[in-house]
Amino acid sequence: MFINTLPIILAYTNLFSLLEASIFLTAVFCLVYYYTPGVTKNWSKKPDKNLYDALRSAWLGRAMLRQAFWPFFLLVNIVLFYIDYRVMNATYTIASWKTAHGMLLLPIVWWINSVWKCSQHTRHKVFSVAARTLTIYLLLDYILRFIISTQYPNTLFDCRLLIMEYGDCL
């Protein structure tokens with residue numbers, strides 16, 4: 001998250017400065033920390049039989065936080081890095097980039113719900129706050145990606161490749 005979007009916004013636009021972004025992201029973390037309840041649930045979990053049961057138990061908040069958070073966090077960051085890499089090498093257009101983001105949208109909804117429900121099952125409040133904050137940061141990264149694709153497409157995309165979507169780069 002924020003691997004390419006934040007540097008592009010900071011370098012090529014006057015949307016906000018590094019200080020403003022740092023203060024905002026720190027304030028988000030502090031607000032999530034303040035509003036996250038303490039960890040009070042002690043429970044024992046039955047092992048999942050297959051992938052469907054694991055996904056369902058994460059959706060319902062019955063899985064451990066690390067099982068709900070880490071696999072998808074790594075997957076979404078690898079996918080975002082890959083599609084940004086393809087854009088920077090001029091092999092993706094704005095439409096392809098937006099399509100890849102659209103395909104990730106429903107799994108991201110599943111992931112956010114799972115992380116927020118499963119964050120009750122940690123030993124320390126800091127882990128649940130960090131996981132919840134990173135889900136909010138992913139949403140903010142998605143908003144920055146939408147802003148880049150609509151308001152500042154010339155900063156990331158090679159507009160010479162956009163024959164059919166030439167209007168996107170004006």
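Select R145 and D84 to begin: the two form a salt bridge, with their closest N and O atoms 2.8 Å apart. (A salt bridge here is a side-chain nitrogen of Lys or Arg within 4 Å of a carboxyl oxygen of Asp or Glu.) What you have open is a predicted model, in which local features need pLDDT of at least 70, side-chain atom pairs count only at pLDDT 80 or more, and totals for chains, interfaces and linings use all residues. Residues are numbered from 1 along each chain as its sequence is written, and side-chain values use heavy atoms, with hydrogens and water left out.

**Around R145 and D84**

Colour the helices and you will see that this pair links distant parts of the chain: R145 is in helix α6 (residues 125-151) and D84 in helix α4, 61 residues apart. Helices (H or I, at least four residues) and strands (E, at least two) are DSSP runs, numbered from the N terminus.

D141 and R145 are four residues apart in helix α6, so about one helical turn separates them. In general, an α-helix has 3.6 residues a turn, so residues three or four places apart point the same way. Together, D84, D141 and R145 are linked in a network of salt bridges, and a search of the whole structure finds two such bridges.

Are these three residues buried or exposed? D84 is buried at 1% relative accessible area, D141 at 0% and R145 at 3%. Buried means under 20% relative accessible area, exposed over 50%, and partly exposed in between (1.4 Å probe, protein chains only).

**Next stop: the aromatic rings**

Select F69, W70, F72, F73, W110 and W111, which form one aromatic cluster. The structure holds ten aromatic pairs. F69 and W70 form an edge-to-face pair, 5.0 Å centre to centre with 85 degrees between the planes. Rings of Phe, Tyr and Trp (its six-membered ring) pair if their centres lie within 6.5 Å; planes under 30 degrees apart count as stacked, over 60 as edge-to-face and the rest as tilted. F69 counts as buried at 5% relative accessibility, whereas W70 counts as partly exposed at 45%.

Then look at two lysines. The charged end of K125 sits over the ring of Y33, 4.4 Å from its centre, and K117 lies over the face of W59, at 5.8 Å from the ring centre. (The test is NZ of Lys or CZ of Arg within 6 Å of the ring centre and within 35 degrees of the ring normal.)

**Around helix α3**

Zoom to N50, which caps the N-terminal end of helix α3 (residues 51-59): a side-chain oxygen lies 3.3 Å from the backbone nitrogen of Y52. Just after α3, select G61, which takes a positive phi of about 85 degrees.

**Zooming out**

Finally, show the whole protein: six helices and zero strands. Buried residues make up 38% of its 170 residues.

Note on methods. Polar contact = N/O pair within 3.5 Å; in protein donor to acceptor, adjacent residues only side chain to side chain.
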